[in-house]
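Here is a friendly walk through a two-chain model. Have the sequence and the coordinates open beside the text as you read.

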Amino acid sequence: MSVILSIPTLGLIAALQSAVVSRLPLNHGTADLMLVLLVAIALQKRVNTAWGWSIVGGLLTDFISGLPFGIFTLSYLGTTALALALRKRIWRFSFLMQLLVVLSGTIISHSLSYLVIFLQGTSLDLRTVLQTVTMPSLVLNFMLSLPIFILTRDILEQFAPLEYNA
Amino acid sequence: MNNRFPKSYRTIAISLAAIGILALALSGTFTALSRWITTPLIAAQTWISNQYRGVDSFLSASQDIQKIRQQNTELQAENARMQAQIVELQQQLVELKILSALLEFARANPEHQYIGASVIGRDPSPFLRYIIINRGSDDGLRRGMPVVTQNGLAGRVVQVTANGARVSLITDPVTRINVRVEPSRSAAVLTGSITGDITLEQIPQDADVQPGNLILTSGLGGNYPPNIIVGQVTSVRTRENALFQSASVQPVTDFSDLAIVLVITNFEPVDLSPLIPESGSP
């Protein structure tokens, strides 16, 4: 699956994230559509451009976000590294693997955001952050995981059979 | 028999019989008889008529059904078009109401110049309260310009591109705004939070702040113009040995439903950073 294809695809996802998904909060948490999609892609066997997709997704989100540049790229690279490490070690994948990596990715992303805001001089109450932002975000990410996992798998089977089934 | 009664007698007899029958009919003598005859007749006629209608409608149904189906399809399409039009008009009506309110705000505050902008997105990070608007440096927007709604202060521009800008809302956890409380005119600092609630900090202990008091920008610090309404005090917290009081504030702007905002373009924020001594310097 070409990295060139990732630019329009993830560009659309970034626009959807900002225009729609971020406007639909659960308590004060929002789903991270980009993260869930990148995990679903990285977990597909024989997709050997997961790093490229992760970098493009991270950079696009960094362009949109007000957080210091690179935070989302770092988060997504860390999550992709975890997904690829699991893919190498575990022979058979299930949807539970997607949930596990999305859980880890959300924690990585939120920890980095929390740290950056703390370093900028704003102290946030950790308990409030966990209760009102991280947990609701996790729930939303889990809800998105199943449809995106299935959709990604089906699309890859349909449009990238050589790479996917090789 | 014809020879025994002359023709004139027969005519008279028939006429008398006819008059007699007519008289009996008018007097109601034949009503029972008539009912006995007409009841089965009407029933039979009704049955025949129904059968005829059934056959007739069966024969002409195929053509009618075709027509009805065609009409139904046309009406359904028309209905869908009308529904879409209604939604569009409702959306336009909402936008018109907002624009009308914004225009009223601009008229009420003629000291400022404004540019209207649509909110096209929000920050992907749930840690930040930022919105993205569809106006940028090409439209004259600069970093630091205040952003308002028809109700009051919304935030300020923190980053500008050619066709878009990022606005930090007053509910952002990093926000610090110098405000004053009316009518006591006490100075305080407004802070945002991760939950989107805004709080008044550093209210002097002797300041008389009550629920319902209005919060306006003070203009101190040079980041915002003075006298823009921000919100209303909902509750005040005072501790015995604390240096300051604090208060919860209900913002006048509904941040969950921001669609159109006004950017104040004739306000130049003052950069005070050169006046602030660096840590470690004498």
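Predicted model: local features only at pLDDT ≥ 70, side-chain atom pairs only at ≥ 80, totals over all residues.

Residues are numbered from 1 along each chain as its sequence is written, and chains are lettered from A and ligands numbered from 1 in the order in which they are written.

A word on terms before the helices themselves. Helices (H or I, at least four residues) and strands (E, at least two) are DSSP runs, numbered from the N terminus. Axes are lines fitted to C-alpha atoms, for helices over the stretch in contact, with angles from 0 to 180 degrees between N-to-C directions.

| Helix pair | Axes come within | Crossing angle |
|---|---|---|
| α2(A) and α6(A) | 9 Å | roughly 40° |
| α5(A) and α6(A) | 9 Å | roughly 145° |
| α2(A) and α5(A) | 10 Å | roughly 135° |

Let us take helix α2 (residues 33-42) and helix α6 (residues 126-159) of chain A, whose axes cross at roughly 40°. These two helices are therefore oblique to each other; angles under 35 degrees count as roughly parallel, over 145 as roughly antiparallel, 65 to 115 as roughly perpendicular and the rest as oblique. α2(A) passes α6(A) in a right-handed crossing, where right-handed is said if the near helix is turned clockwise from the far one by less than a right angle, and left-handed if anticlockwise. On the α2(A) side the residues that meet α6(A) are A:Leu33, A:Leu35, A:Val36, A:Leu37, A:Ala40 and A:Ile41, and their partners in α6(A) include A:Leu144, A:Ile148 and A:Phe149. Contact here is a matter of C-beta atoms, placed from the backbone, lying within 7 Å. Sorted by class, the α2(A) and α6(A) contact holds 9 nonpolar, 3 polar and no charged residues. In this scheme Ala, Val, Leu, Ile, Met, Phe, Trp, Tyr, Cys and Pro count as nonpolar, Asp, Glu, Lys and Arg as charged, and the others, Gly among them, as polar.

Helix α5 (residues 95-119) of chain A also packs against α6(A), with axes that cross at roughly 145°. This crossing of α5(A) and α6(A) is right-handed. Among the α5(A) residues in the contact are A:Phe95, A:Leu99, A:Leu103 and A:Tyr114, and among those of α6(A) are A:Val129, A:Leu138 and A:Phe142. The contact of α5(A) with α6(A) has 10 nonpolar, 7 polar and no charged residues.

The remaining pair, α2(A) and α5(A), is therefore oblique, and its crossing is right-handed. A:Leu35, A:Val36, A:Val39 and A:Ala40 of α2(A) face α5(A) residues that include A:Gln98, A:Val101 and A:Gly105. Here the classes come to 6 nonpolar, 4 polar and no charged residues.

**Where the chains touch**

How many residues of chain B are in contact with chain A? The number is 18, and they contact 23 residues of chain A. Strands β1 (114-122) and β2 (130-133) of chain B each supply at least two residues to the chain B side, and β1(B) gives the most, with 3 residues. The chain B side divides into 11 nonpolar, 4 polar and 3 charged residues.

**Local features**

Helix α1 of chain B (residues 7-26) has 20 residues and should span 28 Å at 1.5 Å a residue; its end C-alpha atoms are 29 Å apart, which agrees. The expected span is 1.5 Å times one less than the number of residues. The count of buried residues in α1(B) is 0; a residue is buried if 20 or more other C-beta atoms lie within 10 Å of its own, exposed if 12 or fewer, and partly exposed in between. B:Gly28 follows α1(B) with a positive phi near 90°.

A:Asn27, at about 55°, is in the loop between α1 (3-19) and α2 of chain A and counts as partly exposed, with 15 C-beta neighbours inside 10 Å. B:Asn227, at about 70°, is in the loop between β9 (214-217) and β10 (229-237) of chain B and is partly exposed with 13 such neighbours.

Finally, a cis peptide bond joins B:Glu182 and B:Pro183, with omega about 15°. B:Pro183 is in the loop between β6 (176-182) and β7 (186-191) of chain B.

Definitions and conventions. Contact = placed C-beta atoms within 7 Å.
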